[in-house]
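Welcome, and please open your viewer. This tour moves from one selection to the next and says what is there at each stop.

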Amino acid sequence: MNGHQRARGCFAPILAIETSCDETAAAVLDEHERALANIISSQQALHERFGGVVPELASRAHIQNVEHVTAQALKEAGLSFCDLRAIAVTQGPGLAGALLVGLSYAKALGYALEIPLVGVSHLEGHIASAWIDRPSFPRDCVVLIASGGHTHLFHASADGLRLMGRTIDDAAGEAFDKGAQLLGLGYPGGPRIDKAAQCGRPDAVRFPRSRVRGPQLNFSFSGLKTALLYHLRDMSSSAIEAQRNDLAAGYQEAIVDVLERQAFAAVRQAKVSALAVVGGVSANSRLRARLTARATIEGIELALPSLAYCTDNAAMIAAAGLRALAEGRRASIESEAIPNMALPITPQNPHEYLPG
Ligand code: KG4
Ligand code: ZN
């Protein structure tokens, strides 16, 4: 056990709470970053009929669920509140009201139990998910975060995170969600396109692959969405119905192609031999298959989180929390939710960037 691991061990078992968007989640991790419990209460059914997340409804549902989800996590871990040594909570980015519920609950618990509390960025959490169940994955690697709100490429190393590229418009998950809406597949779009595409041919309809010029490895997905819109405009509803799976497969392929191309370009540019792809879109079955095949051919070590750690969860917040606590970071009873929170600036991470 090295010094960092020992330092993290002082704060385990750790409880984490995540309420940044539409999942109420609680998890408990041990000192090896192994999940003793990872409970997620999805609000999908609540928001489905509105075609997207309704912030006020999300906050109310978090209030109703947070205590229950936490109790369930402790029960599954076989622990009581008194066994906990620290609490981590998502402080941002996310929906203001939703974040506030988790943060207030975590602050109250930390205060009552007299144990350290740390607020972490949701993105730090997604990044940390790459190492859950995979502690020996290299720390010097490229990380692609592809989620509903972010598509960002980083070079992670002992010096912190260096931004290598980001989307200049829509995030990859947003492209999936908007495409699904246009295709009449509903919400949440990513998993529905993934499922429909499994019955379609990726080469039946070809959609454009964007290239953004410049030194950064940036992404753009808004043109793809427009291309789908124009394509559908010229089709009858019965033709769309008949070709829906092929359209989903072609649309998905365009997103996957771009993510794969930029991720491997970043690996070459950063001169590393390890790639982690995290965030909700990393659950995509086609993306996982394509990345795995390419990584094998190129001899790149690839980390794809288990499906439970791809979309929003609290285990990743606990993992990020253990690291943040070991670095000396703490939240206080005065800490506030930060809806547009940037990745934290630490001596190791001098490169601030704005989320979005
Ligand atoms: O990480 P996440 O749960 O929440 C954010 O931080 O945004 O990511 C949610 C995004 C949504 O846009 C959702 O459609 C997408 O991840 N997603 C998928 C899949 N599962 C979730 N996209 C493609 N294929 C999937 N299987
Ligand atoms: Zn997320």
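Before going on, a word on the model. It is predicted, so local features need pLDDT of at least 70 and side-chain atom pairs count only at pLDDT 80 or more, while totals for chains, interfaces and linings use all residues. Residues are numbered from 1 along each chain as its sequence is written, chains are lettered from A and ligands numbered from 1 in the order in which they are written, and side-chain values use heavy atoms, with hydrogens and water left out.

**Cysteines**

Stay with Cys10, which is partly exposed at 42% relative accessibility (buried means under 20% relative accessible area, exposed over 50%, partly exposed in between, with a 1.4 Å probe and protein chains only). Searching the whole structure gives zero disulfides, a disulfide being a pair of cysteine sulfur atoms within 2.5 Å. Next, pick Cys21: it too is in no disulfide, and the nearest cysteine sulfur, in Cys310, is 16 Å away. Cys21 is partly exposed, at 24% relative accessible area.

**The zinc ion**

Now select ligand 2, the zinc ion. Which protein donors lie 2.0 to 2.1 Å from it? They are His122 (NE2), His126 (NE2) and Asp312 (OD). Donors here are N, O and S atoms within 2.8 Å of the metal (3.2 Å for Na, K and Ca); water is not among the atoms, so sites may look incomplete. Along the sequence, the donor residues follow the spacing H-x3-H-x185-D. His122 and His126 are about one helical turn apart because they sit four residues apart in helix α5 (residues 122-128). Helices are DSSP runs of H or I, at least four residues, numbered from the N terminus. Are these two histidines buried or exposed? Both His122 and His126 are buried.

**Two packed helices**

Colour helix α7 (residues 189-197) and helix α9 (residues 237-270): they pack at an angle of about 115°, with axes 8 Å apart. Axes are lines fitted to C-alpha atoms over the stretch in contact, and angles run from 0 to 180 degrees between N-to-C directions. Show the side chains where they touch (heavy atoms within 4.5 Å): Ile193, Asp194, Ala196 and Ala197 of α7 meet Asn245, Ala248, Ala249, Tyr251 and Gln252 of α9.

**Last stop**

Finish at Gln72 in helix α3 (residues 55-77). Gln72 is partly exposed, at 36%. Its C-alpha atom is 9.2 Å from that of Asn38, 34 residues apart along the chain.
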